[in-house]
Amino acid sequence: MKVSTTFLSSKDIPKDLMLLDKTDTDYIHVDVMDGKFVSNKTMPFREMKHISDYTSKRLDIHLMVNEPSKYIPLYAELNAEYITFQIEIDEDIEKDLKMIKDYSIKCGLAIKPDTKVSSLIPYLPYLDLILVMSVEPGKGGQSFIVESENKIKEVRALLNSYNLDTIISVDGGINDKTVAMCHDADMVAAGSYIVLSDNFQEKISSLRK
Ligand code: DX5
Ligand code: ZN
């Protein structure tokens, strides 16, 4: 299981990023919120761009914003492996996915707990990653929605039926117990469980089993 660590719940972001840099976390999951798609708002890009001053880890960017087209060119400047945005937006999704690809960055779509897996079908040929939200997007520290286990299986079955190697990541409420419900996924994005602990590496290792 790959692990992408989010610092959304960090009390001291620079310090936690430097500590994460010393762990084997595969990626830093960067949650971006615009105060519109979700009511919370994360720091502006002019501050977010300093992430790479503190870590050389590659970034797994999760845009919870109404207009990804405004954010993609900014975040593409960073050390991004993936840029993922929510499928529930009003913009032209195909165009936004192509915009990410034009920067030679892998692209993903995230689906909220109530969004049907079948809504992904038109975009499958473009996707490198599917992010199954196991909480309502908007904040860290929520409980894993148990129905997500079936949803992950449904996404896996869909990918298998099209013979695709798109990776599945699961985001929200991940800890050493709930990760057991993510068997069919390739990666988990975890925040509070790791960054609110006093031993980041121990928590990351506990998710890999
Ligand atoms: C939720 C974010 C998640 C969240 C995960 O809106 O997309 O990435 O920060 O945090 P935890 O692990 O605390 O649920
Ligand atoms: Zn996220």
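A: Glu-81 counts as buried, because its relative accessibility is 13%. Buried means under 20% relative accessible area, exposed means over 50%, and partly exposed lies in between (1.4 Å probe, protein chains only). This is a predicted model: local features need pLDDT of at least 70, side-chain atom pairs count only at pLDDT 80 or more, and totals for chains, interfaces and linings use all residues. Residues are numbered from 1 along each chain as its sequence is written, chains are lettered from A and ligands numbered from 1 in the order in which they are written, and side-chain values use heavy atoms, with hydrogens and water left out.

Glu-81 sits in strand S4. Helices (H or I, at least four residues) and strands (E, at least two) are DSSP runs, numbered from the N terminus. The side chain of Glu-81 makes a polar contact of 2.6 Å with the side chain of Arg-58. A polar contact is a pair of N or O atoms within 3.5 Å; within protein, one must be able to donate a hydrogen and the other to accept it, and residues adjacent in sequence count only if both atoms are side-chain atoms. Leaving aside neighbours within four places in sequence, Glu-81 is in contact with Tyr-27, Arg-58, Leu-59, Ile-105 and Lys-106. Contact means heavy atoms within 4.5 Å.

Now take the whole strand. S4 covers residues 80–86, and seven of its seven residues are buried. S4 pairs with strand S3 (residues 59–64) in the parallel sense, over five bridges. Two strands pair if DSSP finds at least two bridges between them. Leu-59 stands opposite Ala-80 in S4. From S3 the chain passes through helix H4 (residues 68–75) to S4, and this β-α-β crossover is right-handed. Right-handed means that, with the strands pointing away from the viewer, the path from the first strand over the helix to the second runs clockwise.

S4 also pairs with strand S5 (residues 106–111), again in the parallel sense and over five bridges. Here Gln-86 stands opposite Ala-110 in S5. The chain gets from S4 to S5 through helix H5 (residues 93–102), in a right-handed β-α-β crossover. In a regular strand the side chains alternate between the two faces of the sheet.

Next, another strand residue. Ile-130 lies in strand S6 (residues 129–133). Ile-130 counts as buried because its relative accessibility is 0%. Beyond four places in sequence, the contacts of Ile-130 include Leu-109, Leu-120, Val-155 and Ile-168.

Finally, a loop residue. Thr-42 lies between strand S2 (27–33) and helix H2 (45–48). Thr-42 is buried, with a relative accessible area of 17%. Its side chain reaches the backbone nitrogen of Met-33 at 2.7 Å.
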